[in-house]
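Reader: Could you walk me through this one? I have the sequence and the coordinates open and would like to ask as we go.
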Amino acid sequence: METILELRGITKRFPGVLANDQIDLDLKKGQIHALLGENGAGKSTLMNILYGLYQPDEGEIFSGGKKLEVYSPIDSINAGIGMVHQHFMLVPVFTVTENVMLGDEDLRGGLFLDREKASQRIREISEQYNLEVDPDMEIRDLPVGIQQRVEIIKLLYREADVLILDEPTAVLTPQEVDGLFRVMRNLINKGKSIIFITHKLKEVLAIADHFTVLRRGKVVGSATPETFDEKALASMMVGRDVLLDVERKPADTHDQVLNVSNLSVIDDRSQLAVDNVSFSVQSGEILALAGVQGNGQTELVEALTGLRSPLEGNIEINDLDSTDYTPRKVTELGAAHIPEDRQSDGLVLPYSLIDNLALQTYYQSPFSERGVLQQDLMKESAERLIENFDIRTPNAETRVGSLSGGNQQKVIVAREFDRDCNLVIASQPTRGLDVGSIEYIHKRLIEKRDAGAAVLLVSTELDEVLQLADRIAVMYRGKIIDILPGGEANKEQLGLLMAGITQEKTQPI
Amino acid sequence: MTENNSQVEKPKKNSVAIFFSEITKGSWLIPVLAIFTGLVIGGLIVMFTTEGMYTSFGEGEVWEGLKIGFGAFTDSFEALFKGSVGDPAKISAALKSGDDLAIRRAFNPFLESLVAATPYIFAGLAVAIAFKCSMFNIGAEGQLYIGAIAATFVGYSVEGLPGYIHVPLALLAGAVGGALWGMVPGWLKAKTGAHEVINTIMMNYVAYRLSEYLLRGPMMREGYSPVSPFIQDSAKLFRFFKDPIRFHLGFFIALGVAWLVWWFLFRTKWGFELRTVGANPKAARYAGMNVPLTMVMAMALAGAMAGLAGANEVMGVNYFLAAAFSSGYGFDAIALALLGKSHPGGVVLAAILFGFLSNGAIKMQVMGIPVDIITIIQALVIIFVAAPAIVRTIYRLKEPEQGDEPLVLAASPGGD
């Protein structure tokens, strides 16, 4: 196979960091090449260099044997390299055709947009690669998986031969992932080449022809996946052995800690987001709330934690009616809350670790005596938590905003789990974290469960749900459409439920 | 300075020491350079607006013209210095003569600058506290008027009290008046989301007209308009020297209040809440803080500071209230708070700078240099402070390292 793209000795330095260190990478024509690495390993920097957003300090890029100079995304597009970003760059109120034409408009008579010609080409591309996209639909009416295909069409329309897909599966349901993989295979069969950026090991094994692993800016391995399994990949990525399967005892449930009955909640636009939901969580079990993002999980958690008043229904925590409780009263009932968006809700980024670790307890004795903060005690306590929860930071006075995502999450976990709590509400606790941090958070959740806490885990990651949950509730359009025992559920079944497809059977609740 | 103590048991730093170390650490280089640059450019403006220079140019005497221009440049700074700090020649002459009045006159410019700085300190705190809670208090001027009205009323209407009760009472009245005025926009923001910028500006107009109505009606001094009666002697702030020196207790009260505000913001749980709501209201709500109440509290506190500025002017300088008595302290305060980076210590330093500039301006005016130059200098200083990139470019300073790279573990530059 001929090599279509060659990176030789790419080095990029940022102040204090070597983001890319002598990276070599070969992309063969018709190949899916997975680029694997933890957050901060240098994947994005490398791709931004290829895409022309950064200039490398050293190293060269060759395309088809010719040296390539990319100083801007326009150069890379001209060289046949295109990128689908994690966050789509589409105008929701425009049609597929209009979105594809944006920035590369075909004009009729030098003045008018030639929509006809463009949509004809989109139809051709769609048929050629079996993409099933209707050029006349508006973007906002399309599901996420199809929107992603529109992004791919944009690249094909500009005749890209090399497609860079940046974490493309992060936003998809399992069925949509299968669809994407089919599209990717069609693309390579028609002679395109793909760089597939991911940190999901299963996906590498499922689809990649070749993979390259980055760790701390260096290539630590490059091979074909046949001879590797998940465990080997994970330890290559992290640099040590990783426990992928969390060890856990069977659930030992006794008291009912959280009981939700007939709860309805409206969202910011006054739409019904949670629709007559009932469930309960016992101490010593993990109930996972699975579902595609945006099916009411956020509003449900906000109602449970006092951040949003429910429309109807009841919430009981430890046999107390907490329906109308403020966030502070819910916390004081013994609830720990790991919020969905750690940076905007869970932390005050300009504050030190000391202040962030005291965010839920600053007002109580011993941190506050007659209104005066006891800063020595706060510092001591912070230093103890940094030690116990293995938070990697220069010192306790460091700004939380300067820590890595994994360490920021550890700060939240340390703060929430250090209190006496018998209810844990964890919302997307591992989103965007690397393998090592995920392993850590999972271990802590299991520890809490084994210590007798009731854990409500809201997650869109099926692997996580299947690994951790004793029971799995699937949420779809504001309703819990099924609750399954963790041991019996499988991915396909959950995927169907998440897409709203229920088997003909009564719903056990 | 404390290295010597390192062998001895590590001394527990008291809050005063921490207060001063917080002022001195951090990136104060930029404001200092901004002030310097503003002064130099202001001087150049004086130079290029000197008529004599162009007359000489016209006569072909370029060198002579430049000399005249540069002379104006140095003269204006000499005037600024003599007007705000004092004339060294006069001081030594007065000391030699031993004449009390001459000595007081010689030292007056310096002390008068501190008198001018005092309302700036209070008003600057009023804006800084609101900034800390992420609110823009444009209403310090109105709050200042209400504070002045309340203090004046208590000052003249309550009779027969000893000074040590009357003074605190009148100050308290000023603080409460300002607090109420600040609370209204705070409450509107917390309850309805109405933007505090618009509401504080509108409250300013209400305050101006209210003061005019009161001074022409219920609070009018008999036979005069629009001024209030004189306050009782017992409500006057103590003056340390005889005339013409007006230096009074208010300056030290302002320093004490600035320290209290710092202590409140950084050492109490309410201050922690105020700063957290300012830094991240969502996280504050998540952590169980009462965000609306905290906003109202912050604005009330800010208003109280502005109210004290008004009370201070009435009780320490004027002894009565006149319509339009404030020369825009409440608006200069916004610039001040920016210059002081919303830190109470920084506000004190910035206020003293403004006090010296505005007092020195009077002397410059006497010399025929337009007083507007001082306003221009103040404006330039603020521009340079607000746009640190300009200062960094002029002086080739390095960018602060604040990359988005997750691996960079940059320590906080202090403050919060």
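Reader: How many residues does each chain bring to the contact between A and B?
Author: Chain A gives 36 residues and chain B gives 25 residues, where two residues are in contact if their C-beta atoms, placed from the backbone, lie within 7 Å. This is a predicted model, in which local features need pLDDT of at least 70 and side-chain atom pairs count only at pLDDT 80 or more, while totals for chains, interfaces and linings use all residues. Residues are numbered from 1 along each chain as its sequence is written, and chains are lettered from A and ligands numbered from 1 in the order in which they are written.
Reader: Which elements of chain A supply that side?
Author: At least two residues each come from β2 (17-28), α10 (327-332), α11 (342-346) and β20 (372-373) of chain A; helices (H or I, at least four residues) and strands (E, at least two) are DSSP runs, numbered from the N terminus.
Reader: And what is that side like by class?
Author: The side of chain A that touches chain B has 17 nonpolar, 15 polar and four charged residues. Here Ala, Val, Leu, Ile, Met, Phe, Trp, Tyr, Cys and Pro count as nonpolar, Asp, Glu, Lys and Arg as charged, and the others, Gly among them, as polar.
Reader: Switching to chain B, how many helices and strands are there?
Author: Chain B has 17 helices and zero strands. Of its 416 residues, 47% count as buried, that is, with 20 or more other C-beta atoms within 10 Å of their own, C-beta atoms being placed from the backbone.
Reader: At what angle do α2(B) and α16(B) cross?
Author: Helix α2 (residues 29-48) and helix α16 (residues 372-386) of chain B cross at roughly 145°, their axes coming within 8 Å; axes are lines fitted to C-alpha atoms, for helices over the stretch in contact, and angles run from 0 to 180 degrees between N-to-C directions. Among the residues making the contact are B:I35 and B:L39 of α2(B) and B:I377 and B:F384 of α16(B). The contact residues divide into 15 nonpolar, three polar and no charged.
Reader: Back to chain A, what is the strand order in the open sheet?
Author: The six strands run β6-β9-β10-β3-β11-β12 (chain A), with mixed pairing, and two strands pair if DSSP finds at least two bridges between them. The edge strands are β6 (81-84) and β12 (218-223) of chain A.
Reader: How many bridges join β6(A) to β9(A)?
Author: Four bridges join β6(A) to β9 (residues 162-166) of chain A, and the two run parallel. A:M83 stands opposite A:I164 in β9(A).

Note on methods:
Buried ≥ 20, exposed ≤ 12 C-beta atoms within 10 Å, placed from the backbone.
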